[in-house]
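User: I would like to learn how to read the features of a protein model. Could we work through one together?
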Amino acid sequence: TLLIDALGSFGFTHVKAFIPNRFVEGYGLTVDAIERIAADGAELIITVDCGSLSHKEIERSNELGVDVIVTDHHNVAETPPSAIATINPKRTDHNYPFIDLAGVGVAFKLVQALQTRLDGLPIGQEKWLLDLVALGTVCDVVTLVDENRTNVYFGLKVLAQTRRPGLKALMAVAGVEPRNLNARSLGFALGPRMNAAGRLETAEYALNLLTSTDGGAQDRSSA
């Protein structure tokens, strides 16, 4: 959701999300998923929270002429996959001072880097993505220290006044008062309800919730 939002701000119009079905495809990148995405006409795949060990899958993507950018925070191999970029704080060939970012935190760093090269999301306006960063950071169960703590602290402030109808509706259903939001609200009230979608049927429902622009969803949920 964070990347869809940000890439839209940068002016990219042909952006689609692909979320594997855990009951059919398992987790992360698969060759089948790569082939389906390529057949759909994609020219670039940006992973979120996966891909650091997907050597075979990314090689297949290269064969099909589809570039891959990996954003991930999981363990890395001694030799990275043949993506055009692998962004992962667990790599040892960098001097970035904090390595325990959540998956969404790494995606957020990509957005901040793109801000230095692309128009559409002025410096400072990325703060409106911090509601998603906070939610993803807490629910990824990383340590709430350093940059993670900062992202969650300010993300809770953004979430309290979020512009996202789906999150407003989710807070209403969960009985979470925006003025009383804390990390526990994310980890035990909002996150599990979203996570349940992928465990019961498809995580696409959670994505649709977060990307919804239909305020009616809140009214129906509140009712």
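User: Is Arg179 buried or exposed, and at what relative accessibility?

Analyst: Please keep in mind throughout that this is a predicted model. Exposure is read from relative accessible area, with over 50% counting as exposed and under 20% as buried. Arg179 has a relative accessibility of 68%, so the residue counts as exposed. The side chain of Arg179 meets that of Glu177 in a salt bridge, at 3.3 Å from N to O. Glu177 counts as partly exposed because its relative accessibility is 39%.

User: How many salt bridges does a search of the whole structure find?

Analyst: The general idea is that side chains of opposite charge can pair when their charged atoms come close. In this model, the search finds nine salt bridges. One of them joins the side chains of Arg60 and Glu35, with an N to O distance of 3.0 Å. This pair links distant parts of the chain, since Arg60 belongs to helix H3 (residues 55–63) and Glu35 to helix H2 (residues 31–39), 25 residues apart. Arg60 is partly exposed at 25% relative accessibility, and Glu35 is likewise partly exposed at 33%.

User: Which residue meets Lys109 in a salt bridge, and is that partner, Glu147, buried or exposed?

Analyst: The side chain of Lys109 meets that of Glu147, at 2.9 Å from N to O. Here too the pair links distant parts of the chain: Lys109 lies in helix H4 and Glu147 in helix H6 (residues 146–160), 38 residues apart. Glu147 has a relative accessibility of 14% and therefore counts as buried, whereas Lys109 is partly exposed at 23%.

User: In what order do the strands form the sheet, and is the pairing parallel or antiparallel?

Analyst: A general point on strands comes before the case itself. In a regular strand, side chains alternate between the two faces of the sheet. In this model, three strands form an open sheet in the order E1-E2-E3, and the pairing is parallel. Strand E1 (44–46) and strand E3 (85–87) stand at the edges; each has a single partner strand, so one side of each is left without a neighbour in the sheet. On average, neighbouring strands of this sheet are turned by 10 degrees against each other, direction ignored.

User: How many bridges join E1 to strand E2, and which residue stands opposite Ile46?

Analyst: Three bridges join E1 to E2, which comprises residues 67–71. Ile46 stands opposite Ile69 in E2. Four of the five residues of E2 are buried, so the strand is largely enclosed by the rest of the structure. Helix H4 (residues 103–115) lies across E1, E2 and E3, and runs at about 120 degrees to E2.

User: How many residues of helix H7 are buried?

Analyst: Helix H7 (residues 165–174) is mostly covered, with seven of its 10 residues buried. Among the buried residues of H7 are Leu167, Leu170 and Met171. Just after H7, Gly175 takes a positive phi of about 70 degrees.

User: Which residues other than glycine have a positive phi?

Analyst: As a rule, most residues other than glycine have a negative phi. Asp49 is one case to examine here, with a positive phi near 70 degrees. Asp49 sits in the loop between E1 and H3 and is partly exposed at 28% relative accessibility. Val141 is another non-glycine residue with a positive phi, about 55 degrees. The place of Val141 is the loop between helix H5 (130–139) and H6. Val141 counts as exposed because its relative accessibility is 71%.

User: Which residues form a nonpolar patch on the surface?

Analyst: Ile4, Phe12 and Val15 form such a patch, and together they have about 230 Å² of accessible area. Ile4 lies in helix H1 (residues 2–9) and counts as partly exposed at 31% relative accessibility.

User: How far apart are Phe188 and Cys139 in sequence and in space?

Analyst: Phe188 and Cys139 are 49 residues apart in sequence, and their C-alpha atoms are 8.7 Å apart in space. Phe188 belongs to helix H8 (residues 183–200). With a relative accessibility of 61%, Phe188 counts as exposed.

Key. Residues are numbered from 1 along each chain as its sequence is written. This is a predicted model: local features need pLDDT of at least 70, side-chain atom pairs count only at pLDDT 80 or more; totals for chains, interfaces and linings use all residues. Side-chain values use heavy atoms; hydrogens and water are left out. Two strands pair if DSSP finds at least two bridges between them. Helices (H or I, at least four residues) and strands (E, at least two) are DSSP runs, numbered from the N terminus. Axes are lines fitted to C-alpha atoms, for helices over the stretch in contact, and angles run from 0 to 180 degrees between N-to-C directions. Contact means heavy atoms within 4.5 Å. Patches are made of residues with over 30% relative accessible area and no salt bridge: like charges are joined within 9 Å, nonpolar side chains (Val, Leu, Ile, Met, Phe, Trp, Tyr) within 5 Å. Accessible areas come from the Shrake-Rupley method with a 1.4 Å probe; for residues, only the protein chains shown count as cover. A salt bridge is a side-chain nitrogen of Lys or Arg within 4 Å of a carboxyl oxygen of Asp or Glu. Buried means under 20% relative accessible area, exposed over 50%, partly exposed in between (1.4 Å probe, protein chains only).
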